[in-house]
Amino acid sequence: MDESSGAVKARRLGPGFWLPMGWIIVIVGVALLAPVLPLKDPTDYFIRPGERPPYPPSADHWFGTDQDARDMFSRIVSGARVSLAVGFMTVAMSFIVGGTLGMVAGLVRGWFDRLVSFLFLVLLSFPGLVFTILIIALIDRSVLTISVALAIGGIAPVGRLARAATLSFAEREFVIAARTLGARNSRILFRELLPNVVIPMGALVLLGVATAILAEGGLAFLGLSIEKGETWGKLIRNGSGSRVLRDSPWVAFGPITVMFLTLASINYIGDYLRGFFNVRETGLGQ
Amino acid sequence: MTGRQAPLLSVRDLKVVFPTPIGMVHAVDGVSFDLEAGQSMGIVGESGSGKTVTAKTLMNLLPSYALVDGSVNFDGRDLRALAAERKTEKHLWGVEISMVFQDPMTSLNPVKKVGEQIAESVRYHLGQTRTAARRQAGDLLEQVGIPEPGRRLDEYPHQLSGGLRQRVVIAAALACEPRLLIADEPTTSLDVTVQKHILDLLDDLRAVRGMAMILVTHDLGVVKGRTDEVMVMYAGRTMEEAPTEAVFSQQGHPYTEALIETIPKINSASHTRLVPIPGQPPVTTSPPTGCPFADRCRYATDLCVAQGPPLTALGNGHHVACHMPVGTPAAETALVANAARGHTATGLEIHQSGVPIGAVTDGLGEQS
Amino acid sequence: MRFWGLRVGMLIALLLAVSMFTFGAMNLLGDPLFNILGPIAGDTENPENLAKIQAAEEQYYLDRPLPERYVRWLGDFVTGDFGVRFSASGQPPVSEVIKERLPRTLALSGMAMTFTLAIGIPWGVWSGSRSESARDRLSTGVAFFLVSIPNFALGVVLLYAVGFRLGWMPVRFDAGDPFWQRMHQLVLPALTLALGGAAVYQRLLRTDMITTLQEDFILMARAKGLSRRHILFRHALRPSLFSVVTLFGINAGGIFGGALIVELIFGIPGIGSLFVESIFREDFPVVLALVMILTAAFVVMNFVVDILYSIIDPRVRQ
């Protein structure tokens, strides 16, 4: 029974890609440009005489205000700056450190590889954010410390992937050929392996950013994120007290919605791209 | 064919169409045949001929989007109707009609013990207890010629060799004493030395159980001397249907003739070139009005292009779908005319000797 | 047998390494004395504080070199002596506090894991067998939603929607209430933890089932005339279970971490909230003990997952 392949049409990125991408562009753009946009001051109090805050969403305050009559819209934007910044910094750090460790381990093998692999295993043994919280608690709660603490948690998954990718590529002929020609390890690393390992790691980047934003949100919700300034998690925490939540849900739901849309967009783009690069033939029957 | 009792299996004008992105594919385009109880039939064809789809139709294994037409009657029951109803007649397939697949490596569940996979059918269909089913599984393993059956019951498929695995598959298929066994390329994935053993095994089992069998294969050599009848399929249609010896001694259809020619013969002179059939089987999204084999047939005339030949009886149970079967005067005339012209009515180039040009110059090399 | 010996050895090595990491972090990042006593650590003038300082130094072996401190601490820890809490009023031993709060977290986690499996697996199997149908598309959307939303946000949403608006579930945990009422109060928090995980299971299982269902042995099972349900659960599910088992291990870690957050949202006095409170109070003996306990539990759970693997797939045993 013949298996005809479905006609492979030229694949173009459809709305499934551009819709979430659009949101990402908007949110990142707004976050970057916040200082120059005509937004209200997130720390300013906009109390209306006679009415007790929080005020529901209105033309004046698109997302309403919080219990201290601060404008939610500008607070969410200001929170975006930190949440996104932490997300990207964390990913950058964990990928650079984890990726390097993994690739070198995969290439050099021997005791170094065993050591690094065990290190990864140990890092992976700490559940959830436990180790991260510990570090933050012991040092301080600056953006840098938080990013580093989160990045430490990400080193192991990234490193393992880099190592596995390196291992599978290092066996291939072109690396052996380079070696025979006398190339030193560092050269092999950069010229031959790096381009090939980067591709599977690239898929992990999106997931990493989403995870980092999520993790920072969790920390902030616990009250363990930065002390001054806002992040999405902190805003959500602020709106989650029993009374506030029950009577004025928008205080929490505003940042929840924005955070959810951002994470969902990242995840959706990730799914979409994975499907996009995975063209399979349609077989007839089974 | 003129049996006093009705045939066990009766297929009339079976058509199976698959909707696909490139169009409607007519995998099976009007196939009819009968099979008596205890009889064996070989269905022979290239890939794409529709033989596997026919087999799957008999076994109710087609995907849900397949469109089926025609009638399939097993022991007086309408199989198509039964397939449509989900609930009743749960115990037909797997019990009365059973199937053996091509690759035993993938047909067996890798994480289940061999004995369990054999016993499964009897427990599910016949309600036997675990111990009784296990005992029966052991018996079956013995019947299919597996040494130390007791030990094998608890092994996993990956612990057995290819030949043993296929025997296990056969044992599982026979568990509920089917009256018809369909074997789809049962030996194609196996070593050549093992192939003969498996085929012999199937023959023995058939004889002992009085079971009917359909042997689906691309290899004419597999059916020679083993089946009672052979049906040759091409492009979803029956080209020839005859008792096995007739197919080998006196082919009716040019396609069958060409197939026989492709089989290397052990007593040919050395360096005899192999004779493949030029061209490819058609992709059947638009069934031709004429004969589907015309493009590759050395006898092709304008009549062949214009009109699809019906399946006509030549006597002695021999049916051929051809306007001018091999050996008839009409065929000889057509061939001579084509050879003289240098090509057939479809443009296939013919050598003076009557052999199609594409067949010779492929350079398939020496027979060593 | 060799197989197991290696595994157990690895388990112990991991546990030791984890304890070293934790202990090292505690003692090397910042001043241990400060970590234990807080601001009074530097105050050697005040005789009362001095006494405290000396007591702490003795109790925590602070005048000894680091490796020795570690070994002594480890010895104490393993025998159940987690030290005493640093607190102004009285000093209940850490083990007491933990003993009091642990059952609640265990109940919460247990419930959450059960919900995750009970929801995620049938959902995954069902959608794997009915892929491309309209209902499947809807369920895929729901799963995507659950996966993308942070668990604390989901908790807040559920608290609001189910707790406040609809009033179906109680919103507060009260340690004084009778047992079954307390279990009832844990349902919503457990669901919060479970839904995200269930969605992950569903997505994974669905993909695996779709792949498995295309295998030849499924075709053979159909040829045997077995019912759809029989094939789904007795043939297709097991090979697809590998990813589920792996996920179980990862998920467990997520549940521990998520418990921290959920206990905070719903006001449950368990280990998670103890951890967070202790962080804020800078009560480091508790923090140290909790990190060790939580991590050790997680490591053991992964070990169990390993064992499950070899049971499910006999090929791994060789």
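**Exercise 1.** In this predicted model, state the hand of the crossing between α7(B) and α8(B), then classify the pair by angle and list the residues that meet.

*Solution.* Step 1: the crossing in which α7(B) passes α8(B) is right-handed.

Step 2: take the axes of helix α7 (residues 162-174) of chain B and helix α8 (residues 192-209) of chain B; they come within 10 Å and cross at roughly 20 degrees. Angles under 35 degrees count as roughly parallel, and therefore α7(B) is roughly parallel to α8(B).

Step 3: list the residues on each side. From α7(B) come B:Gly162, B:Gly163, B:Gln166, B:Arg167, B:Ile170 and B:Leu174. They meet B:Val194, B:His197, B:Ile198, B:Leu201 and B:Leu205 of α8(B).

Step 4: sort the residues of this contact between α7(B) and α8(B) by class, which gives six nonpolar, four polar and one charged.

**Exercise 2.** Describe the contact between chain A and chain C from the side of chain A.

*Solution.* Step 1: count the residues. Chain A puts 33 residues into the contact, and chain C puts in 39 residues.

Step 2: assign the chain A side to helices. At least two residues each are supplied by α3 (110-124), α4 (130-138), α7 (185-222), α9 (242-247) and α10 (250-276) of chain A. The largest share of the side touching chain C is that of α10(A), with seven residues.

Step 3: classify the residues. The side of chain A that touches chain C has 25 nonpolar, seven polar and one charged residues.

**Exercise 3.** Find the largest nonpolar core, and examine the surroundings of C:Val287, one of its residues with the most contacts inside it.

*Solution.* Step 1: the largest nonpolar core has 241 residues. Those with the most contacts inside this core are B:Ala171, B:Ile182, C:Val156 and C:Val287.

Step 2: identify the main contributor. Helix α10 (residues 228-266) of chain C gives the most to this core, namely 16 residues.

Step 3: set aside the neighbours of C:Val287 within four places in sequence. The residues then in contact with C:Val287 are A:Leu134 and A:Ala137 from chain A, and C:Phe275, C:Ser278 and C:Ile279 from chain C.

**Exercise 4.** Summarise the secondary structure, burial and contact range of chain C.

*Solution.* Step 1: chain C has 13 helices and zero strands.

Step 2: for burial, 41% of the 318 residues of chain C count as buried.

Step 3: for contact range, consider the contacts in chain C between residues at least 6 apart in sequence; 71% of these join residues at least 24 apart.

Methods
Residues are numbered from 1 along each chain as its sequence is written. Chains are lettered from A and ligands numbered from 1 in the order in which they are written. This is a predicted model: local features need pLDDT of at least 70, side-chain atom pairs count only at pLDDT 80 or more; totals for chains, interfaces and linings use all residues. Axes are lines fitted to C-alpha atoms, for helices over the stretch in contact, and angles run from 0 to 180 degrees between N-to-C directions. Helices (H or I, at least four residues) and strands (E, at least two) are DSSP runs, numbered from the N terminus. Angles under 35 degrees count as roughly parallel, over 145 as roughly antiparallel, 65 to 115 as roughly perpendicular and the rest as oblique. A crossing is left-handed if the near helix is turned anticlockwise from the far one by less than a right angle, and right-handed if clockwise. Two residues are in contact if their C-beta atoms, placed from the backbone, lie within 7 Å. Ala, Val, Leu, Ile, Met, Phe, Trp, Tyr, Cys and Pro count as nonpolar, Asp, Glu, Lys and Arg as charged, and the others, Gly among them, as polar. A nonpolar core is a set of buried Ala, Val, Leu, Ile, Met, Phe, Trp, Tyr and Cys residues joined through C-beta atoms within 7 Å. A residue is buried if 20 or more other C-beta atoms lie within 10 Å of its own, exposed if 12 or fewer, and partly exposed in between; C-beta atoms are placed from the backbone.
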